[in-house]
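Take a look at the fold below.

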Amino acid sequence: MDGNPGTRAGMDEVFKALADPSRRALLDSLNARNGQTLRELCAGLDMTRQSVSKHLAVLEEAGLVATVRRGREKLHYLNAAPVHEIAHRWISRYDRARVQALADLKLALEETPMDAPTFVYTTYIRTTPQKLWQALTEPAFTRRYWATEFTTDWSVGSTMTWDNHGVLISDPEQVVLEAEPYSRLSYTWHAITPELAKRFGWDEELLARLSGEARSKVTFTIEEAAAQVVKLTVVHDGFEPGSSMAEMVSHGWPNVVASLKSLLETGEPLPEDA
């Protein structure tokens, strides 16, 4: 079993992981406060450190929990990817009750409270690191699954001009932060402009709120998981507490990544209404 939530075995792992009430309690704890250490999770639950570690290992294997290193600590985050992929690829195989359970869980995972917002999303894609890097950087790919293109040389410190759904966004603070081909890519998020607000139908209040927020950043980590299987982890952070942008990207990234995965595995992105 390769651990890919897009396979039948991966789907079975998700349901097995959710069947245990202790593991559901861990997910509930992370849904209440995302990004906890092992010590913090143990303190909030009536379980031993060993039990929590074992349950977290099962949840990580199923892809329901993702981890990010911060110095010497390992932070745990809810990961909506497995349920999101099941909803897209397998949902017709289940009865209405199970479909509703999936929908409820997907909603809970994607609507994590934004008190200390960091978006973490992990998925497995049947591709190579080289092809995934192309899909993240080359306009021929990004416009198909994201309706977005970048003009940059992908050198650290270089500026980026975004073509976001037909709106050109240039700003000296839109820069490449890291660029290690086939393994790691990071850049600052785009500026918010009146033209972008008009394109998406944002009102003046939302435009003002988004424009006043600190600039965030996104980081993609690419790891080979098996032959022709790549693990992609997306971390979007740098938000202020209560960030409106954090709330928006928490809904947007699952769709973008699912469409990226579909493009690389099938040759076609997901339909716009998916």
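Q: At what angle do helix α7 and helix α8 pack?
A: This is a predicted model, where local features need pLDDT of at least 70, side-chain atom pairs count only at pLDDT 80 or more, and totals for chains, interfaces and linings use all residues. Residues are numbered from 1 along each chain as its sequence is written, and side-chain values use heavy atoms, with hydrogens and water left out. Helix α7 spans residues 129–137 and helix α8 residues 139–146; helices (H or I, at least four residues) and strands (E, at least two) are DSSP runs, numbered from the N terminus. Their axes, lines fitted to C-alpha atoms over the stretch in contact, lie 5 Å apart, at an angle of about 70°.

Q: Why is α7 described as roughly perpendicular to α8?
A: Angles run from 0 to 180 degrees between N-to-C directions. Under 35 degrees counts as roughly parallel, over 145 as roughly antiparallel, 65 to 115 as roughly perpendicular and the rest as oblique. The angle here is about 70°, so α7 is roughly perpendicular to α8.

Q: Which residues of α8 make the contact with α7?
A: Contact means heavy atoms within 4.5 Å. From α7 come Gln134, Ala135, Leu136 and Thr137. From α8 come Pro139, Phe141, Thr142 and Tyr145.

Q: How far apart are the axes of α2 and α4?
A: Helix α2 covers residues 21–32 and helix α4 residues 49–62. They pack at about 80°, and are therefore roughly perpendicular to each other. Their axes are 10 Å apart.

Q: How many charged residues are in the contact of α2 with α4?
A: Ser22, Arg23, Leu26 and Leu27 of α2 meet Val52, His55, Leu56, Val58 and Leu59 of α4. Asp, Glu, Lys and Arg count as charged. By class, the contact has six nonpolar residues, two polar and, as charged, one.

Q: Which residue of β9 stands opposite threonine 219?
A: Strands pair if DSSP finds at least two bridges between them. Strand β8 (residues 217–226) joins strand β7 (residues 184–188) in an antiparallel run of five bridges, and there threonine 219 partners serine 186. β8 also pairs antiparallel with strand β9 (residues 229–237) over nine bridges. In β9, threonine 219 faces valine 235.

Q: What share of the residues of the protein chain is buried?
A: Buried means under 20% relative accessible area, with a 1.4 Å probe and protein chains only. The protein chain has eleven helices and nine strands. Of its 274 residues, the buried share is 49%.

Terms used
Buried < 20%, exposed > 50% of the residue type's maximum accessible area, 1.4 Å probe, protein only.
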